[in-house]
Structures are given as structure tokens and as C-alpha cells.
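Have a look at the model below before you read on. These are a colleague's notes, meant to be read with the structure open beside you.

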Amino acid sequence: MERPRVQQLLEFRRLPTDGFILALLVLYAPFGICLMLLRIFIGLHVFLVSSALPDGLLRRVIVRAMCTILGVIVLQRGSRHRDKNIKIYISNHITQFDHNILNFLTPCHTPLLEGHSGFVSWARGYLELGWLDNRTRLAEALKHYSCLDGARGLLLFPEDETTNGKVGLLKFSSWPFTIDSIVQPLVLTVKRPFVSVNVVESSWVTELLWMFFIPFTVYQVRWLPSMSQMDEESEEDFTVRVQEHLATELGVLSTQHTKSDKVEYLKRMKHMAPQATVSAANSQPSGTRARTFLPGLSISSLSAEDVRITGMAKQVKEVLPHIPLSVIKMDLVNTKCVDTTITNLLEGRVQFTPEEVSVSPSSISLSNKPHLAPCKLVTPLKKTPKDAPTTKVSAASSGFKLGSS
């Protein structure tokens, strides 16, 4: 099976592409705005209640019931596999509220991995231990925390970033598996009508407002049997085994793309967006309106990577016009370099059927013109009188010697 690209693991479009569903969303919008305002008011009370009540089963039941009014529905399956003695929970990551949702089901903490510590991170339910720039020291701090009496479990997301949960998993980091040799895996799926559940580079405030706007969002948690690190199994191998198991249970692929690959792709996409907008505006006929370049999307709903590949393919086509454009693009996806693709095509590393190169009329007319051979200039010789003296020219090794007869 072909390995998915990093952009296939992400969600760039918020609104639906289906016209009928989009029309339903437009009709629902007035009611959704009123519902969002009402839920903002209720949400403040939910936060106050969750902050005032002591941590325990009663608090989780009350908060979960109030969150149902906010449109957050939490379902769980396979709860018989949950082991209360295990301190480490491993899950895939889809939205920015996954740790809050799972906290409704079992008492757990999620450490703050990035961002600023303070009231906001505390209000969002993160555990602040510091060491944001050092995963090894953070793992040691979490290991020490998990050994304390009465410590809650740790919910960790080895992907370190959110995905759309539809195609594949990001490569798991190994640091969560250094804390304990036994982990409790679980898989998370999120569904929501009308719009996507998460969009890249969208703030948690924006996602919260969309959650309040939409009628409901369903979080489904499925507990899996606990997994232990085998004898003589390295932490990296244990990490890969858990990732493969979660990918199989979710029905997606286990990829080697990391958080850094996602960040790098988004940076490249931002860099390509202005160029794509300018080129599209220049290609539009006068009097027509250019398409808007949506965040995360290129012109005509293409990704920025596709725009970049198309631009490079045109450069190769200018040099090698007899090679099909589809063959050029296919090789550029692998090489990402114009010079390398040209070399591969010239050296026969890529098989293709040559195309007929169309010749412009101007070039045909020029080629049909007769070519005149260069003519030599002949200088006429002056006639000499019969009685005029003649001159002999003798060649010498050192030059020319003139003599008269």
C-alpha cells in the first residue's frame, strides 16, 4: 500500500464541499449562532463548577452531564479492558480537547508540552511540570510524579500533534514509553455534522466556538488491552509495536511522518501561498475575479505542494518538450528537484512514450525559406599592357621575396 503524504493526514478545509450539506449549514447558521451564544454562557458555569468541586467521581459525572448540554457527547467501548492500576494511557490525537474528554472517563493528567504556562494552561486542564524543551528531563519528571502516592494517571499523545484521524498516524515519539514498561492503549474517534472536527493551525478558542456552534460533537473512546514491554525489547521497538497496534485498531496506516514534517510542510505551504496567488491573478483574464487562496489550500483546491510540483514540471517541459507532463510530475514527486528529474529522464531511468512536439507556424515558415550559400567576393583583375614588366613571386622559408625579370 502506498504510504500517505503528510498533507493527507491533515485537514485544511472547514466547510463541506458538498453543495447540499453546505446549503443545510447556511440554513442552520442563524440557529447555530444563537446556540453558540447560549452555550458560551453555560460554558462559564461549567468551568466554575469544575473549579469549585473537589476532584472525584461526582465532579466528573456532573461536568460530563453539563458538557452534554454544550453538545459534547462522550461514548466509550471496551471499558472491561481498562486497568486502574496502570498509570500511562496512550492515545491518538485528533482535537485540542482530547485530554478534557478522556478526563470525563478516568482521572488523568496530560503534561503541557508547548505554549506558555499560567492560568490559561491550568484552565484547559494541563499539568505543568516544566522542561518544555527537553523531553528526556520531562520523562524523568513524569516518572517521578507517577510514583507518588495518590497520583493520577498520565494521558500521553505520542504523535505530539493532531491529525484528521482518517488516513494514518504520525510517528510515535519514544519518550512516553520510557516512563513505564506497561501502558494502556486506547483509540479515539471524533465525528461532527456539517464541518470538520479540526483544522490545521486553528486556535483552541476557534475550535471551541465551532464546537458550540455545531449541534453536537461525538467523541468515542475504545479501550484496548494493556501492552507490556517484552524482555530484551528496546523502547523504540516497543513504541513501534504500540503504534502499529493502534493503527490497526483504527483502520489507518502507521506512517513515518513526524511532528517536524507537519511543521515543515505548513511553513512551505505558507511560503508558496503568496506565489500561487500572484500567478493565479496573472493568469486570470481581465474582468474576471481571481479565486481566493484559502489557508492551507492552493488554487483550485490543490495543495501548495501540488502547485510547486506543477511549476517545476513546466520548467522540465520547456527543456524536454517531448516527454509527457504526467511522467514529469510523477518523477518530481519523488525527487523534488528539476535538475535531478531532467537527469533521470535523459539517462533513461524513467520509462515514457515520447509525445509529438508541435511546431509553431512561424518556425515552419522560417524553416521553409531557402538558405543562400555564402558567396565569395571576386575582385576583377586589371589587364596589364603587353610591354609592361612582369613580376615573379618566389617562396622562401623566411617569407616572400619579390624579384623582377
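1. Ground rules. This is a predicted model, where local features need pLDDT of at least 70, side-chain atom pairs count only at pLDDT 80 or more, and totals for chains, interfaces and linings use all residues. Residues are numbered from 1 along each chain as its sequence is written, and side-chain values use heavy atoms, with hydrogens and water left out.

2. The whole chain. You'll find 12 helices and 12 strands here (DSSP runs numbered from the N terminus: H or I of at least four residues for helices, E of at least two for strands). Of the 405 residues, 38% are buried (under 20% relative accessible area; exposed is over 50%, partly exposed in between, with a 1.4 Å probe and protein chains only). Among contacts (heavy atoms within 4.5 Å) with a separation of 6 or more, 71% link residues 24 or more positions apart.

3. Helix α7. Now zoom in on residues 235-250: these 16 residues reach 23 Å from first C-alpha to last, close to the expected 22 Å (1.5 Å times one less than the number of residues). Which residues of α7 are buried? They are F238, T239, V242, Q243, L246 and A247. Looking down the axis of α7, these fall within an arc of 165°, so they line one face of the helix (the arc uses directions from the axis to the C-beta atoms). An α-helix has 3.6 residues a turn, so residues three or four places apart point the same way. The buried residues of α7 pack against β2, β6, β7, β9 and β10. Just after α7, G251 takes a positive phi of about 80°.

4. A nonpolar patch. I33, L37, I40, V205 and L209 make a nonpolar surface patch of about 390 Å² (residues with over 30% relative accessible area and no salt bridge, nonpolar side chains being joined within 5 Å; a salt bridge is a Lys or Arg side-chain nitrogen within 4 Å of an Asp or Glu carboxyl oxygen). Helix α1 gives the most, with 3 residues. I40 sits in α1 and is partly exposed, at 31% relative accessible area.

5. Most residues other than glycine have a negative phi. F194, though not a glycine, has a positive phi of about 75°, and E201 has one of about 60°. F194 lies in the loop between β7 and α6, and E201 is found in the loop between β7 and α6 too. Are they buried or exposed? F194 is partly exposed at 23%, whereas E201 is exposed at 53%.

Definitions and conventions: Patches are made of residues with over 30% relative accessible area and no salt bridge: like charges are joined within 9 Å, nonpolar side chains (Val, Leu, Ile, Met, Phe, Trp, Tyr) within 5 Å. Accessible areas come from the Shrake-Rupley method with a 1.4 Å probe; for residues, only the protein chains shown count as cover.
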